[in-house]
Amino acid sequence: MKHRRHGYSLLEMVAALSLLTVFLLLAGQLVKQVTIVQRVAADMEWSVSRMDFALRALRGDVWTTSSITLEGEGQLVLRMSGQAVRWVYTSEPSVRYPGRGWLIRHSDGVSQAVGKTDQAAREGRYEVPLGVRFSNVSASGLEIAIDGQTIWLPGQVILARGADGVARGAAP
């Protein structure tokens with residue numbers, strides 16, 4: 001009579017459980033890495049949007065300013081039609097990007113968008129992932145360095161006045 005096998009041997013069970021364990025460990029690591037990549041991508045998207053908001057506000061202020069003054073390391077004062085706007089970069093560690101910093105906007109004027117004093121429109125605090133340095137005030141605007149890359153922000157009122165300080169054409 002021929003012997004029929006009706007089950008699995010202990011050796012086959014150990015091999016099957018070992019393969020299942022290795023597969024589950026690899027699958028767990030894959031799920032962990034996918035979660036980390038998704039979190040980092042969301043943080044980077046948030047950070048890039050905050051940097052964009054900060055640069056857009058700074059560009060708008062420089063565009064309408066009549067004078068630009070650098071006051072020490074990381075401080076910039078813009079004067080426009082009786083209003084002063086101060087931009088300060090501090091390199092205190094941020095939550096998402098340690099070692100980077102904050103770009104802070106202070107204003108003493110009235111919000112033109114709302115027509116009345118609005119604290120949110122006057123002040124802004126932007127967590128920026130890249131180091132920002134106000135590098136040079138030129139005759140026509142401001143140069144800022146962002147992690148070694150230079151960006152020039154032109155000033156419309158400054159450009160309209162020209163090199164001799166006299167306004168060209170109608171008042172801007």
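I began at Leu76, which stands opposite Trp87 in S3. Strands here are DSSP runs of E, at least two residues; helices are runs of H or I, at least four, and both are numbered from the N terminus. I count two strands as paired if DSSP finds at least two bridges between them.

Ground rules next. The model is predicted: local features need pLDDT of at least 70, side-chain atom pairs count only at pLDDT 80 or more, and totals for chains, interfaces and linings use all residues. Residues are numbered from 1 along each chain as its sequence is written, and side-chain values use heavy atoms, with hydrogens and water left out.

**Entry: overview**

I looked up the fold order. The chain holds three helices and eight strands. Along the sequence the pattern reads α-β-β-β-β-α-β-β-β-β-α. Of its 172 residues, 27% count as buried. I take buried as under 20% relative accessible area, exposed as over 50%, and partly exposed as in between (1.4 Å probe, protein chains only). The accessible surface comes to about 11500 Å², and 60% of this belongs to carbon and sulfur atoms. Areas come from the Shrake-Rupley method with a 1.4 Å probe; for residues, only the protein chains shown count as cover.

**Entry: the sheet**

I traced an open sheet of five strands, in the order S1-S2-S3-S4-S5, with antiparallel pairing. Its edges are S1 (67-70) and S5 (124-128), each pairing on one side only. Neighbouring strands are turned by 15° against each other on average, direction ignored. Axes are lines fitted to C-alpha atoms, for helices over the stretch in contact; angles run from 0 to 180 degrees between N-to-C directions.

S1 and S2 are joined by four bridges, antiparallel. Ile68 has Leu78 as its bridge partner in S2. Their hairpin has four residues between the strands, and Gly72 there takes a positive phi near 75°. I then moved to S2 (residues 75-80) and S3 (residues 83-90), antiparallel strands with six bridges. Leu78 has Val85 as its bridge partner in S3. Two residues separate S2 and S3 in their hairpin, and Ser81 in the turn shows a positive phi of about 40°.

**Entry: helix H1**

Which strands does helix H1 lie across? I found H1 (residues 10-64) across S1, S2, S3, S4 (101-107) and S5, running at about 130° to S5. Phe53 belongs to H1 and is partly exposed at 40% relative accessible area. Phe53 and Val128 are 75 residues apart in sequence, yet 9.8 Å apart in space, C-alpha to C-alpha.

Leu24 also sits in H1. Leu17, Leu20, Phe23 and Leu24 make a nonpolar surface patch of about 430 Å². Patch members have over 30% relative accessible area and no salt bridge; like charges are joined within 9 Å, nonpolar side chains (Val, Leu, Ile, Met, Phe, Trp, Tyr) within 5 Å.

**Entry: salt bridges**

I found three salt bridges. The criterion is a side-chain nitrogen of Lys or Arg within 4 Å of a carboxyl oxygen of Asp or Glu.

- Asp52 pairs with Arg56, closest N and O atoms 3.0 Å apart. The two are four residues apart in H1, so about one helical turn separates them. Asp52 is partly exposed at 32%.
- Asp61 meets Arg105 at 2.6 Å, N to O. Asp61 lies in H1 and Arg105 in S4, so the pair ties together parts 44 residues apart in sequence. Asp61 is buried at 8%, and Arg105 is buried at 11%.
- Glu71 meets Arg86 at 2.8 Å, N to O. Glu71 lies in the loop between S1 and S2 and Arg86 in S3, so this pair ties together parts 15 residues apart in sequence. Glu71 is partly exposed at 30%, and Arg86 is partly exposed at 30%.

Note on methods: Contact means heavy atoms within 4.5 Å.
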